[in-house]
Amino acid sequence: MNNFSVDLTNCDKEPIHIPGKVQSHGFLLAIDKTNYSISYASENAETFIGTAVSNILDQPVASLTGFIKQQEPDFNLEDLLKLGMIRKSFDAISPLPVEINNKAYYLIINQSATNWLLEFEPLTLQYDIQSSIGRSASSMLQGKSVPALLKAGAAEVKRLIEYDRVMIYKFLEDGHGEVVAEEKEKHLEPFFGLHYPASDIPKQARELYKLNLTRLIADVNTIDAPILTFRENTPLDLTNSSLRAVSPIHIQYLKNMGVHSSFSISLISNGELWGLIACHNYSPKFIDYKAREGSKLIGEILSSALEFRQEEEDSEIVEGFKDTAIVLAEHLSRDQYLVDALTGHSTTILNATQGAGVAIIFENKLKTIGNTPEDKDIWELAEWLKNNSDESIYYTHRLSEIFNPAKMYKQVASGILVGSISKSPDEIIIWFKPEQISKVNWAGNPDKAAAPSEGLLQLSPRKSFEIWSQQVNNTSEKWLPEEITSVLRIREIVVAHINKKANEIRLLNEKLQTAYEELDTFSYTISHDLRTPLTSIKTYAELMLKNKSIDENGQKMLARILTGADKMNFLIKEILNLARVGRLEINFERVNMTSLINEVTSEVLTAYKADKAELILGQLPDVKGDKTMLAQVFTNLISNAVKYSSAAQKPRIEITATENNSEIVYAVKDNGIGIDNRYYDRVFELFKRMDNVKEIEGTGVGLAIVKRIVERHSGRVWFESKLNGGSTFYVAFKN
Ligand code: ADP
């Protein structure tokens, strides 16, 4: 009756609700709702009632009265159906124990569009369901966590129906399944932890699992009974039938596994098919309606417990993320360094998601925790992110498909979730999730030979696992909305912290600026005001020197006063110079450096009487700047080079320049006494002089002036030096 032929490529389209057949351990009759006649009958009805189906088809339902008996003497099927009609349900009636040819059967009645489905199946008295269920429920609910609950659920179902293997199979977000609990006979190979592709349980089968909460295939090797009818072209909808024949593809699947009988119970959570309790027996096994209803009840208890526990666990995750944010905010407010606050305590940014590793790039430094790619790979990834995403948050669970180099480390980083933490695209936090397949740990041996890979024989749990493995290659588990929310929360906290710090620094800078200006004015005034009394000291000392009555000792003292006053005068001049740098407007112009340097060097060499010094000048490109200030910079640098190399056997001063797109860098190099590296930062400080220059004249103001001038030109100054190995001072100006 049903010519639809099924293979692996079309099993999604197989019309499994109208198979035109029923399993042959029971039989089916359909009664037309309009006229109470027998509209369909399964061919095997004959073996039960002892008359050919053709004799009863299209006959009134009353004609069955002789065949089907009940304890009640005036039992009549038509009345029963009418009663069901009035009540709009047969729940209170099914299953109805009846007798056919002196054998006990259950009659189960369901609706099917314009027909009633009457299914008769053997009644076995194997189970004392009522007392079992109570016990099962209480032992199941002892499981505190979801895995414990599932394990207990599987154990209870196994106890109740005594199948060889009871698995709990969970549907994950993309529709694929995983065996999350299993109870089995010891000698059987475990399937726990196996994953299956979504195609293993096609969509329409899932829909039926939602409608019919239990499903029995009593024996895969019996031949199904076709449904006969005179109503050609109107197949009977068996959605609500419990005898409904099974898709040949599914039968083959079970056969490939050596399974003879299968029973499943649907687990529904929040109206969706959460999973199945899948039971396999390795010999034929029939369980009657009451046992199936008992199992269904266990499934329902498990479903509602799951719903509750799952919600509890989900909210624990969310709470955990929130706690992490609170703890990290505290660390940020206490710790001096941001990265330490986020990574240095027992709660770290790793706890903000369920990722297995995290990297933070801040102020050009990289810090990682947990399972992450290597540093060089993270730098490369960060560079790619910078050019490919301008969002404050970015995530993918299939990185290597978008960014090829990530193939090399897909085991640890198939998923990334990135949050930027500052305005600079270089400052980010990246969470990593491993490739799913490398995470799966299952009991079977993946290298064991699979079933021959021809046609339907491809279907086996191991083959399915392989298909799934190929599907999920290169992907990580998806990032949950809760994880993304958590990262947004952390990001906000970090950004706010950085802004607060930046604001503090800005305020400090403003204060510093004011202090600088005050100091400038102060230095200027003081220096200026000091000059007048100093001039008096000098003038009077000189006058007194001319007085012949002063003895030799007195004359020496006066000479010292004069040298001291000269030194002081010089110092004041230098301080005035420094103060002036801060106060003067910069007069930008194109400065001819060849002539400037030539002038300066000749002045300096004369001043220090350094005629034996060798002077080498390279290319001296023009610079945009304030001519007087530039002259000051080079006077100071060249004076130092001359002064501090004067003791060398062959003093040698080299002035060169290099130019690139953004800068012109001048270098003033000497072969003098050099600078101890330990004091690197102090050289540019006001009045700071190194220990090795005591014998050489100086004030410690020159380089402070250089630094201020260069900074006012938005340039840079630095040096390289080695004690007794000469020094090179560099100044870079914007091109
Ligand atoms: P000073 O008047 O002492 O030269 P500067 O501010 O110009 O003051 O330099 C600060 C200190 O840096 C010097 O006292 C010296 O110790 C060191 N220094 C500067 N230039 C050189 C150099 N070319 N070689 C060795 N030491 C140097």
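**Exercise 1. Find the loop that holds tyrosine 36, then decide whether the residue is buried or exposed.**

Step 1: Tyrosine 36 sits in the loop that links β2 (27-32) to β3 (38-42). Keep in mind that you're looking at a predicted model.

Step 2: Check the backbone. Phi is positive here, about 55°, although tyrosine 36 is not a glycine.

Step 3: Now the accessibility. Tyrosine 36 has a relative accessible area of 13%, and the cut-off for buried is under 20%. So tyrosine 36 counts as buried.

**Exercise 2. Do the exercise again for asparagine 364: which loop is it in, and is it buried or exposed?**

Step 1: Look between β15 (357-362) and β16 (365-370); asparagine 364 lies in that loop.

Step 2: Asparagine 364 isn't a glycine either, yet its phi is positive, at about 65°.

Step 3: The relative accessible area of asparagine 364 is 66%, and exposed means over 50%. Asparagine 364 is therefore exposed.

**Exercise 3. Describe the shell around the ligand: which residues come nearest, and which elements supply it?**

Step 1: There are 20 residues around the ligand, and the nearest are Asn640, Tyr644, Asp670, Arg689 and Leu703.

Step 2: Sort the shell by class and you get 9 nonpolar, 7 polar and 4 charged residues.

Step 3: α17 (627-645), α18 (702-712) and β26 (727-734) supply at least two residues each. The top contributor is α17, with 3 residues.

Step 4: Go through some polar distances. An N or O atom in the side chain of tyrosine 644 is 2.6 Å from a ligand oxygen. On the backbone side, a polar atom of threonine 699 is 2.8 Å from an oxygen atom of the ligand, and a backbone N or O atom of glycine 700 is 3.0 Å from a ligand oxygen.

Step 5: On its own the ligand has 520 Å² of accessible area, and the protein covers 98% of that.

**Exercise 4. Take α18 and say how many of its residues are buried, and what they pack against.**

Step 1: Count first: 8 of the 11 residues in α18 are buried, so the helix is mostly covered.

Step 2: Name them: Gly702, Leu703, Ala704, Ile705, Val706, Arg708, Ile709 and Val710. Leu703 also turns up among the residues nearest the ligand.

Step 3: Find the partners. The buried residues of α18 pack against α14 (481-546), α15 (552-583), α17, β25 (716-721) and β26.

Step 4: Serine 714 follows α18, with a positive phi near 55°.

**Exercise 5. Which residues of α6 are buried, and what covers them?**

Step 1: In α6 (203-211), the buried ones are Gln204, Ala205, Arg206, Leu208 and Tyr209.

Step 2: Recall the helix geometry: with 3.6 residues a turn, residues three or four places apart point the same way.

Conventions:
Residues are numbered from 1 along each chain as its sequence is written. This is a predicted model: local features need pLDDT of at least 70, side-chain atom pairs count only at pLDDT 80 or more; totals for chains, interfaces and linings use all residues. Side-chain values use heavy atoms; hydrogens and water are left out. Buried means under 20% relative accessible area, exposed over 50%, partly exposed in between (1.4 Å probe, protein chains only). Helices (H or I, at least four residues) and strands (E, at least two) are DSSP runs, numbered from the N terminus. A residue is near a molecule or strand if one of its heavy atoms lies within 4 Å of it. A polar contact is a pair of N or O atoms within 3.5 Å; within protein, one must be able to donate a hydrogen and the other to accept it, and residues adjacent in sequence count only if both atoms are side-chain atoms. Accessible areas come from the Shrake-Rupley method with a 1.4 Å probe; for residues, only the protein chains shown count as cover. Ala, Val, Leu, Ile, Met, Phe, Trp, Tyr, Cys and Pro count as nonpolar, Asp, Glu, Lys and Arg as charged, and the others, Gly among them, as polar. Contact means heavy atoms within 4.5 Å.
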